[in-house]
Amino acid sequence: MAALRTDLRWAALGCAAFLGMSTGAAAAQLRPGELIDIDGEDLRIDYQRNTLQLRKIVMKNSDGTMLIRAQEAKAHSVEMSTKDSQWEFSGDVHIEVNGAILDSATATVTFKANGLDSAHAVGTPAQFSHMLKGATQRSQGRARTIDYDADKAQLHLSGGVFYSDGRNDINTSMLNYNMADRSIDSSPGAGERVRLHLQLGSAPAGAPPAANPAAPSGAAAPGKK
C-alpha cells in the first residue's frame, strides 16, 4: 500500500510515484504555496489512459475550506498543472466545502485553480447540511442527486427532495438552496406540488434538529458505519 501527500499541480505526486511509493508508505514534501494535500493508499497511474487512482483518499486544502474523503478515487488527468481536473469518488463519500457538508455514495468533482468548482453527488439518498455564519439552526436536506456550484454558491437538489431549515420542512422534487443567504426556490415540473410543514410561533428551547441530518466532519452519515 502507498500513502502520499501532494497537490493538484501534480509535481509532488509525480516525484513520489517515480521514487517507488507503490512499494511502501512514504510522503512527498509540499512546496510553499501549494494548496491541496492528498493522502491515500494503493496509487495507480496509467499514462496511456491518462488516469490516476487511489483508495481510502483524504483530500484537503491548507485554509480548511475543503475536505473530501472516500473509499475510492479516480482522476481523469495526470496533467493537472495544465488543465482543470475531474475526479470520481465512490464509497462513503464525504465532502465539506465552504461550510456545507455533502454525504453520498458517489460524487463527480471538478477542480479549477486548485479549488473545488463543482460537484455532482448521488446517493440513496445524498445528504447535505449547512450552517450560515451567525445562524442558530442548520439547514439540511436529502435528495437522489445534489449538485454544488461554486460560482453560484448554490446547491441543487433533485429527486425525492426533503429540506429543513431547523423548524420548517419542505418536500418536493426539485429545490435550489443558496449558500450565501439560505434562500431557496422550488419550481417542480408541471402538475407537481410542493408540500410544506410550517412551525408557527417561536421554536421551543432545546428543540431537536430535523431528522436525518448530514454527518458533521469526523462522524458517519446516517445509516453508515
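Trainee: What is the relative accessible area of D92?

Mentor: D92 has a relative accessible area of 40%, so D92 is partly exposed. Buried means under 20%, exposed over 50%, and partly exposed in between (1.4 Å probe, protein chains only). This is a predicted model: local features need pLDDT of at least 70, side-chain atom pairs count only at pLDDT 80 or more, and totals for chains, interfaces and linings use all residues. Residues are numbered from 1 along each chain as its sequence is written, and side-chain values use heavy atoms, leaving out hydrogens and water.

Trainee: Where does D92 sit, and what is its phi?

Mentor: Most residues other than glycine have a negative phi. D92 has a positive phi, near 50°. D92 belongs to strand 4. Strands are DSSP runs of E, at least two residues long, numbered from the N terminus.

Trainee: Which other residues have a positive phi?

Mentor: R182 is one of them, with phi near 65°. R182 lies in the loop between strand 9 and strand 10 (184-185). R182 is partly exposed, at 22% relative accessibility. N98 also has a positive phi, near 50°, in the hairpin of strand 4 and strand 5. That hairpin has 2 residues between the strands.

Trainee: How many bridges join strand 4 to strand 5?

Mentor: Two strands pair if DSSP finds at least two bridges between them. Strand 4 and strand 5 (residues 100-112) have 11, in the antiparallel sense. Here H94 stands opposite D103 in strand 5. Strand 4 (residues 85-97) also pairs with strand 3 (residues 66-75), antiparallel again, over 8 bridges. On that side, K74 stands opposite E88 in strand 4.

Trainee: How many aromatic pairs are there?

Mentor: Rings of Phe, Tyr and Trp (its six-membered ring) pair if their centres lie within 6.5 Å; planes under 30 degrees apart are stacked, over 60 edge-to-face, the rest tilted. The count here is 3. Take W87 and F89: their ring centres are 5.9 Å apart and their planes meet at 10°, so the pair is stacked. W87 is buried at 0% relative accessible area, and F89 is buried at 2%.

Trainee: How are F128 and Y177 arranged?

Mentor: F128 and Y177 form a tilted pair, 5.3 Å centre to centre, with 45° between the planes. F128 lies in strand 6 (residues 115-130) and Y177 in strand 9 (residues 169-178), so this pair ties together parts 49 residues apart in sequence. F128 is buried at 0% relative accessibility. Y177 is buried at 0% too.

Trainee: Which residue lies over the face of F162?

Mentor: A charge sits over a ring if NZ of Lys or CZ of Arg is within 6 Å of the ring centre and within 35 degrees of the ring normal. R142 lies over F162, at 4.3 Å from the ring centre.

Trainee: Which residues does a cis peptide bond join?

Mentor: Most peptide bonds are trans. The bond between T124 and P125 is cis, with omega about 0°. P125 is in strand 6.

Trainee: Which residues make the nonpolar surface patch?

Mentor: Nonpolar side chains (Val, Leu, Ile, Met, Phe, Trp, Tyr) are joined within 5 Å, like charges within 9 Å. Areas come from the Shrake-Rupley method with a 1.4 Å probe; for residues, only the protein chains shown count as cover. V194, L196, L198 and L200 make a nonpolar patch of about 430 Å². L200 lies in the segment after strand 11 (195-197). L200 is exposed, at 77% relative accessibility.

Terms used:
Helices (H or I, at least four residues) and strands (E, at least two) are DSSP runs, numbered from the N terminus. Patches are made of residues with over 30% relative accessible area and no salt bridge: like charges are joined within 9 Å, nonpolar side chains (Val, Leu, Ile, Met, Phe, Trp, Tyr) within 5 Å. A salt bridge is a side-chain nitrogen of Lys or Arg within 4 Å of a carboxyl oxygen of Asp or Glu.
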